[in-house]
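Welcome, and thanks for taking a look at this one with us. Below is a short briefing, grouped by topic, to read alongside the sequence and the coordinates.

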Amino acid sequence: MNSDDAGWADERADPLSRPGTMPETDIIDLLMRQHTRIRELVDEVERYRGAERRNALARLTKEISIHEAAEREIVHAYARHRLAGGASIVAERLKEEDEAVRLLHGLGGLDPGSPEFAAGFERFRTALFAHFAAEERYEFSLLRAAMSEEDRRTMAVSVQAAETMAALAAEPAPGTPPAEGLGAAGDRRGFPTV
């Protein structure tokens, strides 16, 4: 296995890192664990160099793409209609998310070893982590209070199913290197090719 394939093999070896396989049965716990996993992937991108950094960026992009797509489809839709002030809460979270994605897009064509990449990645990291903090404080806390335990379990199952479908759509065709397959799927969702 060459170094370009190492990250892909690591992802397949860790079933808890793959969407749809996390054991949480509460939607808030599930989303919080995903935020933690994405923060760990951000750390990996910062830690690695060369091809390993590009692969780490591909894994991070894929994870964010899948997480945010399911969150928009299910969690934000619920919050928008069911929480007091939900429309404005969700509008702010989507604005933050769109900014983080815009910054992530800007990294796609940069050399991962360049100072421009480092500066752009830091702006992305700051925007993403601010988005997560706001989501956890202003949306997740209200959802936990507003939803029954059964509703939180049902939503967790729905999000995991949506993520599984998104992950399957992002899988590369047989014989396609992982980063190329990710780019093809990422383009359909508006995420950059890395």
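Glu 149 is exposed, with a relative accessible area of 53%. Please keep in mind that everything here describes a predicted model.

- Arg 153 is partly exposed at 36% relative accessibility, whereas Glu 149 is exposed.
- Elsewhere, salt bridges with shared partners link Asp 26, Asp 29, Arg 144 and Arg 152 into one network.

**Salt bridges between helices**

- How many salt bridges does a search of the whole structure find? The total is eleven.
- One of them pairs Arg 144 with Asp 29, whose closest N and O atoms are 3.2 Å apart.
- Arg 144 sits in helix H5 (residues 115-146) and Asp 29 in helix H2, so this pair ties together parts that are 115 residues apart in sequence.
- Arg 144 counts as partly exposed, at 34% relative accessibility, and Asp 29 also counts as partly exposed, at 37%.
- Another salt bridge brings together the side chains of Glu 97 and Arg 72, at 2.5 Å from N to O.
- Here helix H4 supplies Glu 97 and helix H3 supplies Arg 72, so the pair ties together parts that are 25 residues apart in sequence.
- Glu 97 is buried, with a relative accessible area of 4%, while Arg 72 is partly exposed at 33%.

**How H2 packs on H3**

- A word on description: two packed helices are characterised by the angle between their axes and the distance between the axes.
- For H2 and H3, the angle is about 160 degrees and the axes are 9 Å apart.
- Are H2 and H3 roughly parallel or roughly antiparallel? They are roughly antiparallel, because their angle lies over 145 degrees.
- H2 and H3 cross in a left-handed sense.
- By class, eleven nonpolar, three polar and seven charged residues make up the contact of H2 with H3.
- On the H2 side, the residues in contact include Ile 27, Leu 31, His 35, Ile 38, Leu 41 and Glu 46.
- On the H3 side, they include Arg 53, Leu 57, Leu 60, Ile 64, His 67 and Glu 71.

**How H3 packs on H4**

- H3 and helix H4 (residues 86-107) pack at about 165 degrees, with 11 Å between their axes.
- That angle makes H3 roughly antiparallel to H4.
- The crossing of H3 and H4 is left-handed.
- Sorted by class, this contact has seven nonpolar, three polar and seven charged residues.
- From H3, the residues taking part include Leu 57, Ile 64, Glu 71, Arg 72 and His 76.
- From H4, they include Val 90, Arg 93, Leu 94, Glu 97 and Leu 104.

- Glu 71 is located in helix H3 (residues 50-82), and Glu 46 is located in helix H2 (residues 27-47).
- Is Glu 71 buried or exposed? Glu 71 is buried, because its relative accessible area is 1% and the limit for that class is under 20%.
- Beyond its neighbours within four places in sequence, Glu 71 is in contact with Leu 31, His 35, His 76, Glu 97, His 131, Glu 135 and Phe 140.
- The C-alpha atoms of Glu 71 and Leu 31 lie 8.5 Å apart, although 40 residues separate the two in sequence.
- Glu 46 is partly exposed, with a relative accessible area of 27%.
- Not counting residues up to four places away in sequence, Glu 46 touches Arg 53, Phe 121, Glu 122 and Arg 125.

Key. Residues numbered from 1 in each chain as written. Predicted model: local features only at pLDDT ≥ 70, side-chain atom pairs only at ≥ 80, totals over all residues. Heavy atoms only, no water. Helix = DSSP H or I, 4+ residues; strand = E, 2+ residues; numbered from the N terminus. Buried < 20%, exposed > 50% of the residue type's maximum accessible area, 1.4 Å probe, protein only. Contact = heavy atoms within 4.5 Å. Axes fitted to C-alpha atoms, helices over the stretch in contact; angles between N-to-C directions. Parallel < 35°, antiparallel > 145°, perpendicular 65-115°, else oblique. Left-handed = near helix turned anticlockwise from the far one by under 90°. Nonpolar A, V, L, I, M, F, W, Y, C, P; charged D, E, K, R; others polar. Salt bridge = Lys/Arg side-chain N within 4 Å of Asp/Glu carboxyl O.
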